[in-house]
Amino acid sequence: MKQYLKIDEWSIIEESFDPQTQEISESVFSIGNGYMGGRANFEEQYSGHSLQGSYMAGVYYPDKTRVGWWKNGYPEYFAKVLNSTNWIGINIELDGTPLDLATSTVTEFRRVLNMKEGTLSRSFTATTQDGKIVKVESIRIVSMVRHEIGAIRYCVTPLNFTGNITVTPYLDGDIKNKDSNYDEKFWNEVEKKAGPAGGHLTLKTKKLDFHVTSAFVFDILLNGEPVTAEAEVLEQEKYVGSTVSVPVQPGDQLVIYKYAANVTSRNYGLGQLVDAAGTALQSAQEAGFVALLTEQAAAWGDKWKESDIIIEGDVSAQQAIRFNIFQLNQTYTGEDDRLNIGPKGFTGEKYGGSTYWDTEAYCVPFYLSTADSAIARNLLIYRYKHLEKAKENARKLGYRKGALYPMVTMNGEECHNEWEITFEEIHRNGAIAYAIYNYVNYTGDKAYLGQYGLEVLVEIARFWEERVNYVAHKDKYVMLGVTGPNEYENNVNNNWYTNRIAAWTMEYTLEALAYLQENEGTRYAELADKLELLESETAQWAEIIAKMYYPADEERGIFLQQDGFLDKEIIQVKDVLPEHLPLNQKWSWDRILRSCFIKQADVLQGLYFLGDRYDLETKKRNFDFYEPITVHESSLSPCIHAILACELGYKEKAYEMYLRTSRLDLDNYNNDTEDGCHTTSMAGTWMSVVHGFGGLRVLNDRLVLNPSNPGHWTSYSFKIMFRGSRLKVTVTDAQITVSNETEVPASLTIHGNEYTVNGLGTVSAEGVSVTA
């Protein structure tokens, strides 16, 4: 771990150029708007190590699966969100010498991600190998208002020479994914046209026929006056550009404004793409760069009004939570229910950009509390629309009925090819069922059950029914050959969490059926007929619930992660030599699988999800046993431990886990940020504050808060939307204050006492304990 970024409340700041950290910075400084985004690559050419990345939401490719040997049921492909046309490029030559920071001496380098206003800026002074010195200042946005638009202001000032600066703005579609299984390029050119002040380029995927049109225009000013020099038009395979050479003297300011539009066939007909890009581009150029910046700042201002968390007395923690919230808001906006949230967002290619269970388990709570409920609802509808594919997935594996949602997907089909994950990590089904419960419980939108939710629940329950085995001599139902959330254990029997979430899903499905039968009789009858629901099925679910087997150790009073877990030698992480960590980079897979070490919350994941079912002593015994043997080598691990540590009053552990999850990418804890930021775990960071330190729960249709104040913080505040009201919760050592920013009254419970916050009103509660 190397902390090289400056601590600042509202910005991520890099104050020197180090090629060794360049790819990490490309991830951390990424920008996007939910529709498109990209890594913080340089506009000018860079010959050093770099992962060029520009991504369009929902545009993907079925990259052929690469495995050593084939097994029945393997997916044919692994879906990849595609590295798309590089639209930011502006090459600079100084009297014929390329400006390239990899070959230049770089001083006064500064890169800033302004999270408050949504801008990426950079400045530096570079001395080329032939002694020419220039100062460069750039600022870039991906517009939150005009989702198809990106814009750049790039200023070059010669400091010690008179000569020519040649500027080449361009679009380059001759790119490939770093994670391509066979080094294949996924794009074919459809058409292109270059002109003296811009051009456009249309590409299509070799499979699935996604089309993307990128277009750009540019203006060049010298000391504030338009440059009228004749441009040379460039057209190459999958490339268009325009070159302008400008005579300069020391101190001159050469400014390039580049506007780009990116449109896709997901939103336009094939014959409309070029015109759509041109229209968006013309509007942006006419508005001008300053107006685009103003729009951007206003749009981000609105985002922060809804979702900001303020931490007083700990700038590192403040910067970290805002970074996580910023990345979440620029990754997913909820405006398109065909989209979901990839584990890397727009920051890199690892995991293919596909949908995992991360969305339901970690991201849904963030959007439930920080945006209109329709946003979280769209995440659930995304899965509803894939229900038939989930049923197909179950059939491919030999199941007669039910639905198995994929571990990794773009269109509902499974596209992951690691056996122990694709076929055994079936607990993802439970996360999808839990997300339906979470949404209904939080919003009170029980109509969702009849509209969409029940169909998904019934098919998941049917899958669990077929997946379990009845063991007569135990008079119990068991689940064999699974992988739980802890991926450092494969092909185990009776993973406690998987068994527990399966039984819970069937239980909740029965509750949903009973609710509909009592309150929406006509809809219940329609669904029962559509689903061909049998009383024998529901009776079987009830029996499985009653007789599900849960491994436990009575002496320790803990739930066992799986059968035989205590056969392992139990060694705590603190007793492992530092040079052996992280295990996944230092140990063989064989050694990891035979060890007791846990990648991420497993039993504890269940105790978080079903926290109202277990008392504090039960949680404490399990936490005290499992956390010391957990290496937290999944980005999804620290947040769950932070939340439970808060509930248990473990002050230092809660704060340690909060910093680990919140600064995971900023400090490169797991030595993998160069692959992209851990976007979905960032929602877990938000949960660490709001569900952990804030103690937020919804019980019996009532908002419950049990805040604690970390000893490291003077105060903190967060905002939550709940059933039409937006509440600001402020916590200090002395009191809790809840202010209602809407006219919709809210009822809540704070440390066991009931309150009503009237419209635009405020309530206060005393007696906050410093326990976390």
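**Figure 1. The loop that holds Pro-582.** Pro-582 sits in the loop that runs between strand β24 (558-559) and helix α14 (583-586). The peptide bond joining Leu-581 to Pro-582 is cis, and its omega is near -5°. Helices (H or I, at least four residues) and strands (E, at least two) are DSSP runs, numbered from the N terminus. The model is predicted, so that local features need pLDDT of at least 70 and side-chain atom pairs count only at pLDDT 80 or more, while totals for chains, interfaces and linings use all residues. Residues are numbered from 1 along each chain as its sequence is written, and side-chain values use heavy atoms, with hydrogens and water left out.

Figure 2. Asn-494 is not a glycine, yet its phi is positive, about 60°. The residue belongs to the loop between β22 (476-478) and α11 (496-519). Asn-494 is buried, at a relative accessible area of 1%. Asn-700, also not a glycine, has a positive phi of about 55° and is placed in the loop between β25 (697-699) and β26 (702-705). Asn-700 counts as exposed, with 77% relative accessibility. Here buried means under 20% relative accessible area, exposed over 50%, and partly exposed in between (1.4 Å probe, protein chains only).

**Figure 3. Helix α2 and its buried face.** Helix α2 spans residues 273-287, 15 residues in number, and its first and last C-alpha atoms are 21 Å apart, close to the 21 Å expected at 1.5 Å a residue. That expected span is 1.5 Å times one less than the number of residues. Buried in α2 are Leu-273, Ala-276, Ala-277, Ala-280, Leu-281 and Ala-284. Viewed down the axis of α2, these buried residues fall within an arc of 125°, so they line one face of the helix; the arc is taken from the directions from the helix axis to the C-beta atoms. Asp-275, Thr-279 and Glu-286 are exposed on the other side of α2. The buried residues pack against β11 (149-158), β15 (211-222), β19 (254-264) and α3 (289-307), where contact means heavy atoms within 4.5 Å.

Figure 4. A cavity is a set of points, on a 1 Å grid over the protein atoms alone, where a 1.4 Å probe fits but cannot get out; lining residues have an atom within 4 Å of a point. Grid points are joined across faces, edges and corners, and a volume is the space filled by probe spheres set on the points. Seven cavities of 30 Å³ or more are counted by this rule. The largest cavity holds about 90 Å³ of space. Its lining comprises 13 residues, and Gly-38, Arg-39, Trp-87, Ile-88 and Arg-140 lie nearest the centre. Strands β3 (36-38) and β10 (133-142) each contribute at least two residues to this lining. By class, the lining of the largest cavity has four nonpolar, seven polar and two charged residues. Ala, Val, Leu, Ile, Met, Phe, Trp, Tyr, Cys and Pro count as nonpolar, Asp, Glu, Lys and Arg as charged, and the others, Gly among them, as polar.

**Figure 5. The second largest cavity.** The second largest cavity has a volume of about 60 Å³. Residues lining this cavity include Glu-360, Leu-379, Arg-383, Tyr-448 and Val-456. Helices α6 (373-385), α9 (428-443) and α10 (447-467) each supply at least two lining residues, and α6 provides the largest share, four residues. The lining of the second largest cavity divides into eight nonpolar, no polar and two charged residues.

Definitions and conventions. On a 1 Å grid over the protein atoms alone, a cavity is a set of points where a 1.4 Å probe fits but cannot get out, and a pocket is an open set with protein on both sides within 12 Å along at least five of seven lines; lining residues have an atom within 4 Å of a point.
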